[in-house]
Amino acid sequence: MSVNTPPATPAKRRPTIYEAYLRTDELLALQTPPEDRLHPDQLTFQVVHQTFELWWKMTVEMFQQAVARLETGRADEAAQVLRRAVSAQGVVMLALRQLEFVAPADFLVLRAGLGNGSGADSPGFKAILRTAPDLWDAFAAALEDAHISLVDLYADPHAHTALYECAEALTDFDEQFHIFRAAHLKLAQRNLGLRAIGTGGTPMPALERTLSDLLWLPLWEARDALLEKVQRETGVVYGDAPISGHGHP
Ligand code: HEM
């Protein structure tokens, strides 16, 4: 070999069919390498967030499929896909738990690298909030086509089973989303305490107030209306105080 010959570049290994199909090279390069991390738990932090983005991306597609199915009179199939979206929330909730193993002192080390980054800018979270009203409109239109009000749907759960299953899957999703928000608040508090201001500028008490946000309020108001209807019809009333806010039976 002459002194001027450039060093041979190591032959690039051909990816296996598995690696190529799943694009594992790109996927596994999406986390900061160990030498550049502020703390080893940065890997957990990134993987958990990335997990959320993937499953929330799937959730939005499931919502869109549910809209298409509702618009073409297939409420039973809409309910099926909505149940899958509910189950996807179960996946991310398990992932969230992993972050509770990170010690607050360690979290504060990696927090220094977040700048003004905030979970409030999560594309998946924003896409769910953006798509939720379309899903509601499609469901409300399906109720209208069936000439049934939401409270009547709940008054007789056996009359329109496919629509009832949709309403319950939507209720489940709203509930799971709320539980995510509650678990996320506790996670934030156990890392940052009760008075911190988030990297995105939101004070902890303001984050706490998002717990009263619901995706589809009419689903919950239908329960109020059903209770009133049953009380009116049976004359059986517990207590005489009007119902205010939620959380009190
Ligand atoms: C150690 C873990 C975490 C901490 C300490 C934390 C903290 C916070 C804080 C303080 C906020 C308020 C906004 C701000 O000023 O930044 C926030 C918002 C938010 N975070 Fe996290 N977070 C954590 C993990 C996560 C994870 C894993 C997700 C999943 C994507 C997430 C998603 C969100 C969302 C969606 C919001 C906006 C909430 C709303 O507007 O209702 N966070 N987070």
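The model is predicted, and local features are reported only at pLDDT of at least 70, side-chain atom pairs only at pLDDT 80 or more, while totals for chains, interfaces and linings use all residues. Residues are numbered from 1 along each chain as its sequence is written.

The protein has ten helices and zero strands. Helices (H or I, at least four residues) and strands (E, at least two) are DSSP runs, numbered from the N terminus. The order of elements is α-α-α-α-α-α-α-α-α-α. The radius of gyration is 24 Å, well over the 18 Å that the globule rule gives for 249 residues, so the protein is more spread out than a compact globule. Here the radius is taken over C-alpha atoms, and the rule is 2.2 Å times the number of residues to the power 0.38. Along the principal axes, the C-alpha trace spans about 100 × 45 × 25 Å.

Of the 249 residues, 16% count as buried. A residue is buried if 20 or more other C-beta atoms lie within 10 Å of its own, exposed if 12 or fewer, and partly exposed in between, with C-beta atoms placed from the backbone. Two residues are in contact if their C-beta atoms, placed from the backbone, lie within 7 Å. Among contacts between residues at least 6 apart in sequence, 73% join residues at least 24 apart.

Nonpolar side chains tend to be buried together in soluble globular proteins. A nonpolar core is a set of buried Ala, Val, Leu, Ile, Met, Phe, Trp, Tyr and Cys residues joined through C-beta atoms within 7 Å. The largest core in this model has 27 residues. Ala66, Leu70, Ala78, Leu82, Cys166 and Leu170 have the most contacts inside it. H3, helix H4 (75-98), helix H6 (123-145), H8 and helix H10 (217-234) each supply at least two residues of this core. Beyond its neighbours within four places in sequence, Cys166 is in contact with Ala75, Ala78, Ala79, Leu82 and Phe139. A second, separate core of five residues includes Phe45, Leu99, Val102 and Phe107.

The expected span of a helix is 1.5 Å times one less than its number of residues. The 30 residues of H3 should span 44 Å, and the end C-alpha atoms are 43 Å apart, which agrees. Buried residues of H3 include Phe45, Trp56, Ala66, Arg69 and Leu70. The buried residues of H3 pack against H4, helix H5 (104-111) and H6. Just after H3, Gly73 takes a positive phi of about 70°.

The 24 residues of H4 should span 34 Å, and the end C-alpha atoms are 36 Å apart, which agrees. Among the buried residues of H4 are Ala75, Ala78, Leu82 and Val92. Their cover includes H3, H6 and H8. Arg97 also lies in H4. Arg97 is exposed, because 12 other C-beta atoms lie within 10 Å. The C-alpha atoms of Arg97 and Val48 are separated by 9.1 Å, although the two are 49 residues apart along the chain.
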